[in-house]
Amino acid sequence: MAAIRDAEDEDRGISLKDLSQKLQEFAEVRDWEKYHTPRNLLLAMVGEVGELSEIFQWKGEVKRGLEDWDESEKEHLGEELSDVLLYLIRLADICGIDLSHAVLNKIIKNAIKYPPPVHSCITKEQSSSL
Ligand SMILES: Nc1ccn([C@H]2C[C@H](O)[C@@H](COP(=O)(O)OP(=O)(O)OP(=O)(O)O)O2)c(=O)n1
């Protein structure tokens with residue numbers, strides 16, 4: 001049953017809220033909530049960023065798409081990216097931050113702070129009449 005639910009989650013692209021809920025359940029059934037304090041979660045996330053960095057360490061620049069990496073390296077990368085994301089989501093949750101709301105607001109702020117060059121704002125119709 002859980003496997004079917006997980007496949008469905010993957011299909012529809014799971015939300016931050018659903019992930020947050022899963023992490024809450026994961027901690028609760030293991031009685032790990034007492035360890036999931038803001039500072040512990042932050043340090044755990046930074047540790048995972050270190051593990052993520054190790055994958056790229058000494059490789060020099062790598063090609064986009066990682067076409068010359070083998071599958072096991074890519075799988076490892078996916079795991080470390082996930083660890084960072086999961087601790088980040090849990091940290092936000094424990095701090096009472098609505099990450100979906102915060103991240104959308106931040107994207108709007110970024111767009112205002114860094115407007116696109118004027119020529120990329122011209123619509124197709126405008127450009128065809130030029
Ligand atoms: N107190 C904990 C410990 C682990 N996790 C979860 C979140 C991460 O997704 C993953 C981290 O597990 P590990 O500490 O075992 O780290 P790795 O999976 O990176 O294993 P390793 O360090 O052996 O490579 O487990 C958690 O939520 N709370």
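Guide: Let's start with H2 and H4, which pack at an angle of about 85 degrees with their axes 9 Å apart. Here axes are lines fitted to C-alpha atoms, for helices over the stretch in contact, and angles run from 0 to 180 degrees between N-to-C directions. That makes H2 roughly perpendicular to H4, a label for angles of 65 to 115 degrees, while over 145 counts as roughly antiparallel. On the H2 side the contact is made by Leu-16, Leu-19, Ser-20, Leu-23 and Gln-24, and on the H4 side by Leu-86, Ile-89, Arg-90 and Asp-93; being in contact is having C-beta atoms, placed from the backbone, within 7 Å. By class, this contact has five nonpolar, two polar and two charged residues. Nonpolar covers Ala, Val, Leu, Ile, Met, Phe, Trp, Tyr, Cys and Pro, charged covers Asp, Glu, Lys and Arg, and the others, Gly among them, are polar.

A quick word on what you're looking at: this is a predicted model, where local features need pLDDT of at least 70, side-chain atom pairs count only at pLDDT 80 or more, and totals for chains, interfaces and linings use all residues. Residues are numbered from 1 along each chain as its sequence is written.

Helices here are DSSP runs (H or I, at least four residues), numbered from the N terminus. H2 covers residues 16–29, and at 1.5 Å a residue its 14 residues should span 20 Å, which agrees with the 20 Å between its end C-alpha atoms. That expected span is 1.5 Å times one less than the number of residues. Just after H2, Asp-31 has a positive phi of about 55 degrees.

Now for H3 and H4 (residues 71–94): their angle is about 160 degrees, and their axes are 9 Å apart. H3 and H4 are therefore roughly antiparallel to each other. Their contact includes Leu-41, Met-45 and Leu-52 of H3 and Leu-77, Leu-81 and Val-84 of H4. By class, it has 15 nonpolar, one polar and five charged residues. After H3 comes Trp-58, with a positive phi near 70 degrees.

Finally, the ligand: around it sit Trp-32, Tyr-35, Glu-51, Asp-83 and Leu-86, each with its C-beta atom, placed from the backbone, within 6 Å of it. That shell has three nonpolar, no polar and two charged residues.

Note on methods. Helices (H or I, at least four residues) and strands (E, at least two) are DSSP runs, numbered from the N terminus. Angles under 35 degrees count as roughly parallel, over 145 as roughly antiparallel, 65 to 115 as roughly perpendicular and the rest as oblique. Two residues are in contact if their C-beta atoms, placed from the backbone, lie within 7 Å.
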